[in-house]
Every structure is written in structure tokens, then in C-alpha cells.
Amino acid sequence: MKNAIRFFFLTVFILIFSLSSSITAQQQEPAPVKASQVKGNIYEVEGGRGANAGFFIGENEVLVIDAKMTEESAKHMIAEIKKLTSNPIKHVILTHSDGDHVNGLAGFPANVIIAAHHQTAKDMDNAFKDAKLRSYLPGFTFSKKMKIHFGDKIVKLFHFGPAHTSGDVVVYFPDEKVAFIGDLLFLGRDPLIHRHKNGNSFGLVKTLKSILKLGADTFIHGHGSIAGPSDLEGVIKSLEEKQTKIKALIKEGKSLEEIKNIFNIEDRPPRPGRSRRPGLVETIYLELTEKK
Ligand SMILES: [Zn+2]
């Protein structure tokens, strides 16, 4: 009898354990990679591992914007492209150097031309240790702006100064008024400024204002659904308000700790194996106090 009870509990335990582990597996499994048409021949790629990416189907070739985070997800993206066109992928343009936008490069054809801001190329050179990934370092870099012609189609690339990182690129399609802006926009959460990559919150305001001047009406970004100009305006407004308030508090002689308390900021410990990254309020404080 005892054995029967023991067996019963063991079975229940195994059942619960396998059920919960299958739930976690499901949670960890990302949504499948999916391409959806934005306008004309411009597509956004969502799902898989890594940030949203995109592509443009030109007359003779395909231009990809960002490369997903893993070789596998990049290959799924390429499979999505192949469903729509037999044109070869010749160029990949990177919006910046974060792993969730560039580590999938290894899944691309070896002869693809990779374009990025020169600072992004430098950051990738530091980050890429794997020999295969190193063969995908950008072969083509620029500093401020560049125009690419695909037949009669023009694509404009802009760098407006340090913002999310110091190598952010905006990929603009003037005919369609569509811009890929990488991680220059986050909706529903604070903007992300990578100080370790020389990002800058005042630079982000300047960059977002410059982006608005392009006249685009559709913005594709790394971690959310497609945005419009009012979304960018909202981020500029709240960021400027925060900067003004922090400036005033510093002038009043408040310390960083006091300012963090005023904004109800609780420091979270860094993720295992990662160095501590300051949040937005601390970043603004550091930018303002470093300038003196
Ligand atoms: Zn990023």
C-alpha cells in the first residue's frame, strides 16, 4: 500500500514537473519569424530571436536592415524573403551594434555587403570573438550620411550624432516616407541610452527632432509595433521634461540619490555576468554633471 501511495505521488510529481517545464519551454520559444508588408516593397520582420528587422525588394536585389540575433533566426528571415522574391540579398545595413540586431549576420550569404556607421563597425570589432562572425564585420562604413541607388530607387542613410549608441543609423525610404530607426525609439518604457557605447540622452532628443524633419510618416523600430510622428513627438516631450527637471534639481543642490528618490527609482541589481547599467534618470544626471 505504502508503495502504491509513493508511486501515486511520484507520478503526480513527474506530471507537474513535465507540465511546468513544457510551459517554460513554450514561454522561452519566440514567435515564428514573419515578414509583413509595410508599404510598396518595404517589409518588416518580426518574431524569432532578436529585434525587429526589415527588408526592401529592389528590381535586382534585396536590401536587408538589421540581422536578428541568431544564425537560426536570420535563416528564417531569409526563408521569408525567398517566399516573396528570387532576387539575391546583396546588402545588409545595420542600425547599430547591439547583439540583437547584428549577431544573426552569420546566417547570411558570405558575399553580402554589410554597411554600418564607422563607430558601429568599431563596436562590432570589439564584440565579435567568434571567427565566423568576424568574417561579417561591416565592409562599408560612413560617418554622417549616404545615398544608395537601387536602379531608380533611392535609400538615404543618416547618422545624427550619439543617441542610443554612438553609431546609430536611420535608413530612410523617401518615396514611401518609411524610416527604419533601430532602437532610437522605445514606446511604453524609458528610452534606452547605452553609456558604455557613448550613447547620449541630449543627443537622442536632437536625433529624434532630426528624424521628424525627414518627413517620414511610418517608423519601424527594434522592439515594438510601427510608430508615427506623434510617437516620436511624445518621447521628445517627456525626455525634455525629464532633462529640465533634473537640471533644476541639480541646481538646487540635490544629490543623485535624492533625485532618484524624487523619480521613485529603485536600483535593480545587474543581470548575472553583466556590469551595472545606469537608468535614464542617472544617465541624464551624469551627462549634466560631467559637462561642468
Ligand atoms: Zn539596441
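User: Leaving aside its neighbours within four places in sequence, which residues is Ala163 in contact with?
Analyst: Ala163 is in contact with Asp168, Leu184, Gly199, Asn200, Gly203, Leu204 and Thr207. Two residues are in contact if their C-beta atoms, placed from the backbone, lie within 7 Å. This is a predicted model, in which local features need pLDDT of at least 70 and side-chain atom pairs count only at pLDDT 80 or more, while totals for chains, interfaces and linings use all residues. Residues are numbered from 1 along each chain as its sequence is written.

User: Is Ala163 buried or exposed?
Analyst: Ala163 is buried, because 30 other C-beta atoms lie within 10 Å. A residue is buried if 20 or more other C-beta atoms lie within 10 Å of its own, exposed if 12 or fewer, and partly exposed in between, with C-beta atoms placed from the backbone.

User: Where is the place of Ala163?
Analyst: Ala163 belongs to the loop between strand E9 (153-158) and E10. Helices (H or I, at least four residues) and strands (E, at least two) are DSSP runs, numbered from the N terminus.

User: How many Å apart in space are Ala163 and Asp66?
Analyst: From C-alpha to C-alpha, Ala163 and Asp66 are 18 Å apart, and in sequence 97 residues separate them.

User: Let us turn to H6. Which residues in H6 are buried?
Analyst: The buried residues in H6 are Ser201, Gly203, Leu204, Thr207, Leu208 and Ile211. They are on the same side of H6, because they cover an arc of only 140° around the axis. The arc is that of the directions from the helix axis to the C-beta atoms.

User: How many residues has H6?
Analyst: H6 covers residues 201-213, which is 13 residues, and reaches 19 Å from its first C-alpha to its last, close to the 18 Å expected at 1.5 Å a residue. The expected span of a helix is 1.5 Å times one less than its number of residues. Just after H6, Gly215 takes a positive phi of about 90°.

User: What is the order of the open sheet of five strands?
Analyst: The order is E8-E9-E10-E11-E12, with mixed pairing. Strand E8 (145-150) and strand E12 (218-220) stand at the edges with a single partner strand each, so one side of each has no neighbour in the sheet. Two strands pair if DSSP finds at least two bridges between them. E10 and E11 pair in the antiparallel sense over three bridges, and Val171 has Phe180 in E11 as its bridge partner.

User: Now the other sheet. What is the order of the open sheet of seven strands?
Analyst: The order is E1-E2-E3-E4-E5-E6-E7, again with mixed pairing. At the edges stand strand E1 (34-39) and strand E7 (140-142), each with a single partner strand, so one side of each is left without a neighbour in the sheet. E6 (residues 113-117) and E7 run parallel and are joined by three bridges, and His117 stands opposite Phe142 in E7.

User: Which helix lies across E6 and E7?
Analyst: Helix H4 (residues 118-127) lies across E6 and E7, running at about 110° to E6. Axes are lines fitted to C-alpha atoms, for helices over the stretch in contact, and angles run from 0 to 180 degrees between N-to-C directions.

User: Finally, how many helices and strands are in the protein?
Analyst: The protein has nine helices and 12 strands. Of its 292 residues, 38% are buried.
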